[in-house]
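This briefing concerns the packing of secondary-structure elements in a single model. Please consult the sequence and the coordinates alongside the text.

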Amino acid sequence: IMESSSAAANGVHSSTGPADSLAAVLKPSDAPSAEAVTVKGVDFDERRDLDGLLESFLTSGFQATNVGLAIEEIRRMLEGREQQQQQHESEEASEREESGDDTDDAGDGGRGHCTIWLAFTSNMISSGLREVFVFLAKHRLIDVIVTSAGGVEEDFIKCMAPTFIGDFTWRGRELRDKGWNRIGNLVVPNDNYCRFEEWLQPILDAMLDEQRTHGTIWTPSKMIDRLGKEIGHEESLYYWCHKNHIPVYCPGLTDGSLGDNLYFHSYRSPGLLLDVIGDIRATNDRAIKCRRSGMIILGGGLSKHHTCNANLMRNGADYAVYINTAQEYDGCDSGARPDEAVSWGKIKSEAKPVKVHGDATVLFPLIVAATFAKHPHANKTAADKGEDAESSREHNHHHNVPLHAVTGC
């Protein structure tokens with residue numbers, strides 16, 4: 001073969017084939033670098049556990065490798081969060097006490113450690129990812145949530161009635177006749193939204209009364225916190241966000257059933273106001289106060305851009321993981337790779353962001369299993385902090401969600 005290659009280099013025909021073809025096929029390779037990683041998948045003869053599978057992803061190639069890189073990036077977030085939280089915890093408490101600063105009272109996500117932002121679209125809450133998010137909020141493993149209107153209301157609605165598994169191919173006309181709303185291969189009976197309206201309208205009345213009598217200025221985040229308090233249900237993500245002072249920002253709060261209810265309420269009892277400027281200031285100020293910032297963004301749209309844009313205020317996030325199925329070829333922000341955000345100053349130039357192309361309902365639970373679920377804070381329950389009795393009293397104090405049968409809107 002070496003002789004044939006030499007002949008090919010000289011343009012001479014050989015008995016082994018045409019010279020040009022030999023030169024093309026037998027082109028020599030540069031030696032790989034010392035840091036080159038060998039492709040190797042899971043060995044089920046050696047490991048049949050989840051940890052073994054996830055550890056193999058990094059060297060499996062394609063999106064499995066990107067999942068492995070996302071796991072590493074989130075581990076860096078958690079390491080920075082823990083180290084800096086311990087270092088600055090007492091310092092931050094002293095600063096707040098001396099200054100009387102209560103601007104961060106919605107959660108200790110601003111100044112003491114690596115703030116972890118979790119952003120997601122509404123369909124994530126409709127799916128079983130809701131229970132993953134509940135775990136993260138319950139154990140104080142995230143600091144800020146950014147989502148869309150559906151990502152708020154569907155959490156409360158699930159406390160009142162279930163969402164069901166359906167099929168992507170079910171026909172819209174037939175579902176409409178039945179009063180069933182389809183979200184991909186999930187189905188939500190329309191009665192669920194009727195129950196939500198029945199529960200929400202009296203709360204809106206109370207909010208309006210507080211606005212008029214006490215001068216309360218409601219922002220979308222304050223409204224979500226209030227609803228989390230009122231739901232009083234431990235399966236609710238926003239109950240735990242209220243309980244653990246995790247702010248939830250939703251710049252598009254009116255784009256869904258919440259907006260429908262606010263619309264109807266504006267006719268029945270006009271006057272309730274929501275201050276969106278107050279929330280954009282709170283969101284951006286929180287980003288500015290971060291010592292380090294990490295973004296985990298599931299899906300695209302408003303929640304993705306709002307999170308990235310807040311981090312522009314600090315000249316970029318230090319860590320970032322995107323999980324979505326969108327492509328960048330139409331120029332939409334939803335499909336943009338992290339490097340585009342670097343160009344805008346929304347992710348730092350020296351960061352090592354990761355995008356995983358795929359369905360978050362499959363990928364994010366695996367990533368959480370390898371990261372957050374192993375973190376020491378996951379074992380620190382409310383009982384460990386001596387709060388179990390208080391939690392029980394508070395839970396019993398809130399009125400129960402009306403779960404009686406509703407026959408119509």
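The structure is a predicted model. Two helix pairs are described, α9 with α10 and α13 with α14. The strands include an open three-stranded sheet with antiparallel pairing, and strand β2, which pairs in the parallel sense with β1 and runs parallel to β6.

**Helix α9 and helix α10**

- Helix α9 spans residues 190-214 and helix α10 spans residues 220-231; their axes come within 11 Å and cross at roughly 125°.
- The two helices are therefore oblique to each other, and the crossing of α9 past α10 is right-handed.
- On the α9 side, the contact is made by Trp199, Leu200, Ile203, Leu204, Ala206, Met207 and Glu210; on the α10 side, Met223, Arg226, Leu227, Glu230 and Ile231 take part.
- By class, this contact between α9 and α10 comprises nine nonpolar residues and three charged ones, with no polar residue.

**Helix α13 and helix α14**

- The axes of helix α13 (residues 276-289) and helix α14 (residues 301-312) come within 7 Å, with a crossing angle of roughly 55°.
- This pair is therefore oblique as well: α13 and α14 are oblique to each other, and α13 crosses α14 in the right-handed sense.
- Ile280, Thr283, Asn284 and Ala287 of α13 meet His306, Ala310 and Asn311 of α14.
- The contact of α13 with α14 divides into three nonpolar and four polar residues, and no charged residue belongs to it.

**The open antiparallel sheet**

- Three strands form an open sheet in the order β3-β5-β4, and their pairing is antiparallel.
- Two bridges connect β3 with strand β5 (residues 186-189) in the antiparallel sense, and Phe164 stands opposite Val187 of β5.
- Helix α9 lies across β4 and β5, and its direction is at about 50° to β5.

**Strand β2 and its parallel partners**

- Strand β1 (residues 114-120) pairs with β2 in the parallel sense through four bridges; Ala119 is placed opposite Val146 of β2.
- Strand β6 (residues 248-249) is joined to β2 by two bridges, and the two strands run parallel; Tyr249 in β6 is the bridge partner of Val146.
- Strand β2 (residues 144-147) is covered on both faces: Val144 and Val146 on one side, and Ile145 and Thr147 on the other, are all buried.

**Individual residues**

- Ser148 lies in the loop between β2 and α7 (149-160).
- Leaving aside neighbours within four places in sequence, Ser148 is in contact with Phe120, Thr121, Ser122 and Cys250.
- The C-alpha atoms of Ser148 and Gly301 are separated by 8.8 Å, although the two residues are 153 residues apart along the chain.
- Asn66 belongs to helix α4 (residues 62-99); its relative accessible area of 18% is under 20%, so Asn66 counts as buried.
- Not counting residues up to four places away in sequence, Asn66 touches Val354, Lys355 and Val356.

Technical notes: Residues are numbered from 1 along each chain as its sequence is written. This is a predicted model: local features need pLDDT of at least 70, side-chain atom pairs count only at pLDDT 80 or more; totals for chains, interfaces and linings use all residues. Side-chain values use heavy atoms; hydrogens and water are left out. Axes are lines fitted to C-alpha atoms, for helices over the stretch in contact, and angles run from 0 to 180 degrees between N-to-C directions. Angles under 35 degrees count as roughly parallel, over 145 as roughly antiparallel, 65 to 115 as roughly perpendicular and the rest as oblique. A crossing is left-handed if the near helix is turned anticlockwise from the far one by less than a right angle, and right-handed if clockwise. Contact means heavy atoms within 4.5 Å. Ala, Val, Leu, Ile, Met, Phe, Trp, Tyr, Cys and Pro count as nonpolar, Asp, Glu, Lys and Arg as charged, and the others, Gly among them, as polar. Two strands pair if DSSP finds at least two bridges between them. Buried means under 20% relative accessible area, exposed over 50%, partly exposed in between (1.4 Å probe, protein chains only).
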